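Here's a quick briefing to read alongside the model. Have the sequence and the 3D view open as you go.

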Amino acid sequence: MNLLQIVNLNLQIGSLPILRDVSFSIAPGEIVAVTGESGSGKSMTALAVMQLLPDRAQVTGRILLGETDLTKVGEARMCALRGNEVGMVFQEPMTALNPVKTIGAQVAETILVHGNEDRATAMTRARDMLARVGLPEERFPLTRYPHELSGGQRQRVVIAMAIARRPRLLIADEPTTALDVTTQAQILTLLKDLVAEFGMGLLMITHDLAVVSDLADRIVVMRHGEVVETGETRALFANMTHPYTRALFEASAHIVDLPETKHAPDPILEVREAVRDYPLPRTTLFGPREYHRAVKGVSFTIRKGDRIGLVGESGCGKSTLTRAILGLERLQGGEIRAFGKPVGPGMNPALRSGLQVVFQDPYGSFNPRHKVSRIVTEPYHLIDNAPTGKAREAAVSEALTAVGLQPSDARKYIHEFSGGQRQRIAIARALIIRPELIIFDEAVSALDVSIRAQILDLIADLSRAYSLSYLFISHDLSVVRTITDRVMVMQDGEIVEEGETGRVFGDPQHPYTRTLVAAAPILPDVRHLKEALNVQS
Amino acid sequence: MIRYVLKRTLSLVISLAVASVVIFLVIEVAPGDPAAFMLGLNAQPDTVAALRTELGLDMSNPERYLAWVGGMLTGDFGTSYTYRTPVGEMIADRLWVSLPLALYALALSTLIAFPAGIYAAARRGKPGDMAVMGATQLGVAVPNFWFAMMLVLILSINLRWFSAGGFPGWEVGIFPAMKALTLPAIALALPQAAILARVMRSSLIDILGEDFMRTARAKGLTRRQALWRHGVRNALIPVLTIMGLQFSFLLAGGIIIEQVFFLPGLGRLIFQAISARDLIVVESVVMLLVFSVVLVNFLVDLTYAAVDPRLRNRT
Amino acid sequence: MKSRSLYIGAILCIVVVFGALISFVWTPFDITLMDIPNKLQTPSAVHWFGTDHFGRDIFSMIMIGARTSLAVALVAVGIGMGIGVPLGLWAAARTGGWTDEIIMRSNDLIFAFPSLVIAILITAVFGASAVNAIIAIGIFNIPVFARLTRGSALSLWEREFILAARVSGKNAIRVSVEHILPNVMNLLIVQGTIQFSLGILAEAGLSYVGLGAQPPVPSWGRMLADAQTMVSLAPHLALIPGFAIVISVLGLNLLGDGLRDLFDPRIRVERT
């Protein structure tokens, strides 16, 4: 007997088809992961189960929760089911909670909406539930407000709300995507334990195959609103009958062919005991201003030909350090030198022209009012004899061609490009004045895995063509592992470990590096899986 | 929370101090000698000098500023140049008309705007919303003093439901006094209500799109429950700002409306004072208006902290 | 729906602007001449909107009054934008510093003086005139534009394309002019239309209480003040200038809303 059965679900919003003939089922106590890239319709499938679709959505097909067809029950009955029999956890814990209500009240609300309990009973149950998800009252009183908690703690509150009435089915839509890797591991363990303890079914939506392989009993792979493959986790990974599943798997575990590099002894960038403070909001009226030390005496050197990674979780100071290296913000101690000269907000253009950057957000990195040619040539501002006229056009064409775009793209506006193409344009912009060092600041973090693999390949190709030196900043260990020769691990404003990439990830020395490596979800070894399955049969 | 209040109080005091300097300086650069003006063209120089001493005009500017501010702090607003009566008493009398009028209008405006705005937001894009939005679009465009004239024309002159103006005083009882203030309050309130309803609507629509509203629905709350329990309080934050600003507009707008209804409020006082060049009265009334604006914004800031816990830990 | 407010707003605005412009070269009657025998006439084929207590043609006065209203509001918005926008850009570029602090504190201070209060102060000192009304409304517009510009510029400064421009060595002024200003322009245009409409309302209010345009310059606000004592006798004297104000303000507001929907429906305008 299935807990949830989705049969031939079709969904369109206006005239736009979103889901086509989606069918799968979940048994009690089973974890089913729906995975796919953006636009695959995985989140819409989850919202369809909750019947929280946009107003103009039209649905055909059946969504059976036990015997009940959720597409037919109507809003009043659905309200009685939501939170009671089906709970849901969302992606963004920072915004998923009401900022003006206490966490206790918000968890108790789920209980109060559905039952006849009085307020005191509901609060007691809310307390128990919060304790169960790892927020014991001694340390996290019920009177806390969401803004007083971290992202991981807030996600625990959201989970407590979702399971407060012990629903039969829990839906988790990318529950760990916004979290750091160590927090992610904790939340995944919590979800797994809760499923086992309560005997719930879990419908887990995620883009991350590695997360899925650890957690799910069965996997549903979706693309463009259709289910392309579904199966028991190990069998699915062992066989991967559909080419898209294989492509997705390969892109997730993508290993680039990084060319040999020619090192030169001269340092491009020297960071010596760099200290960066941020003023905190004032807590006293007249007392001295207090500061948060985001970077605490960091030192390293980048030489020509270095391809070096910087990994760390959010808040570790890596973005702050990046801004200081780019000369956008002043240091409070130590120094940063590029080509032997000090780096800072007042540095001269010639010096600046040696350092360029590719940012994370493919949508925020470009002035929407400028054409690609103008965007790409912006760094020409730094050099005195920048090419003009035909020479400039030729340079733009060359840069665009180098990153795999067409010279004709120069005349287009940025909104005409996809996320992956935009990152190519960002690389073209960084490349056009041939800087000595490129800083990739989470440059592939916002991209789908298949696009991410393409951009990583592009970086490798450019490395071959232009013998690049770069600093690659990322929170994603698997990416840094393949695209760098050396890596630095940053924690709480300090570099705790540094070394050759393979060594650091293969044999981490610092306890924090070990935690990071252990927490990072990994894809299964397919060959290994196949052998194991053969032995079984 | 205490720090927050302290910091707000400090900024309140600074604002008032700076505002008083500005007002004093503006009035002081005014050409012409009030004493000479009061005594007319044929006054003897020594009579003028005596009056200057009596009015304190012979002191240096910093001395006069300190005397003025010090006086206000102890409740002494000086003596009117023309009426020779204490300015404080004149203002107090008039304030008993202007302040109740502004509060009456604020209450009306809130009572109309909140339900209208919430209703429109809940029915976004539906006919009910369109009707509210159309009405507010018109309401925003109507000058309040013209609206007042139209009210007088229809309700007083044609239908004779209200008197066309004047104020019987609070001595005759609360009901007749409030009745005399009703048309002015409506005239002030409706255009402001139109603005406030639009702010309420758009603020609430923003909140309805927030993630936590979806979370609330996922708990099993109906649309209506989610709107009332999670939406309205969050939507209040920008609405409060506008209400704070509106109070000052109601007080100042009242000055114009008082002209339509011949109400003996601050407006009348200030226009009489301007034409008589009774600058000390102008100075004090302007200072009072500015004080009330700053004070209301101070109160709004405190209300923020009550509505939004995120502000309580800040300074 | 979108284009409807834009079209209706644009048509109303064009009618008002057109009337004001034509009045420079032609009005149906000369309003400097009194015609007492024909005073207080109701609208007719000769006098489309009737005549006032001096027998002057109201249609002609409305046309010239439009000139006063538009001129005062336009210059006031110009003052507000011309001073407020650069201040806002400057404050955003120097956020957290003392320049930002001073600019924003002064803005808060100006906000404590509603335009009517500023007008009262100025009038008390310099006497009533249309120029003083412009200054009063203009001063009040400065903080509106400064705060709006600073607010949206601040969020732009955090965007990566601004960081990219800074990495390309562009200084704060160049970044503000090249990247920030064009991206806040739509917002400023929308807010500008709204402030324009508020300026017309403010001018009418000031003229009504005698703090604005002085005789013989016709103004809608003063026409209403003159009409007040005769409202039971000749209601059209009060109705027509009122309608003129409502139509101009409504037209500008609809135009502003339409432009907002055209540019970006998420734009928020302040309307107080």
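In what order do the four strands of the open sheet in chain A run? The order is S2-S1-S4-S5, with antiparallel pairing. Keep in mind that this is a predicted model: local features need pLDDT of at least 70, side-chain atom pairs count only at pLDDT 80 or more, and totals for chains, interfaces and linings use all residues. Residues are numbered from 1 along each chain as its sequence is written, while chains are lettered from A and ligands numbered from 1 in the order in which they are written.

**The sheet in chain A**

- Strands here are DSSP runs (E, at least two residues), just as helices are DSSP runs (H or I, at least four), and both are numbered from the N terminus.
- Two strands count as paired if DSSP finds at least two bridges between them.
- Strand S2 (16-26) and strand S5 (68-69) of chain A sit at the edges, each pairing on one side only.
- Strand S4 (residues 57-65) of chain A pairs with S5(A) in the antiparallel sense, over two bridges.
- Leu64(A) has Asp69(A), in S5(A), as its bridge partner.

**Domains of chain A**

- Chain A is split into domain 1 (1-85 + 171-252), domain 2 (99-166) and domain 3 (267-281 + 289-519); such bounds come from an automatic or database domain assignment.
- Taken over C-alpha atoms, the centres of domain 1 and domain 2 of chain A are 25 Å apart.
- Domain 1 and domain 2 of chain A each put 12 residues into their contact, where two residues are in contact if their C-beta atoms, placed from the backbone, lie within 7 Å.
- On the domain 1 side, helix H6 (residues 181-198) of chain A gives the largest share, six residues.
- That domain 1 side has eight nonpolar, four polar and no charged residues; Ala, Val, Leu, Ile, Met, Phe, Trp, Tyr, Cys and Pro count as nonpolar, Asp, Glu, Lys and Arg as charged, and the others, Gly among them, as polar.

**Chain C against chain A**

- This contact uses 14 residues of chain C and 18 residues of chain A.
- On the chain C side, helix H6 (160-167) and helix H7 (172-208) of chain C each give two or more residues, and H6(C) has the largest share with seven residues.
- The chain C side divides into six nonpolar, four polar and four charged residues.

**Chain B against chain C**

- Here 41 residues of chain B touch 32 residues of chain C.
- H10(B) supplies the largest share of the chain B side, nine residues.
- The chain B side has 35 nonpolar, six polar and no charged residues.
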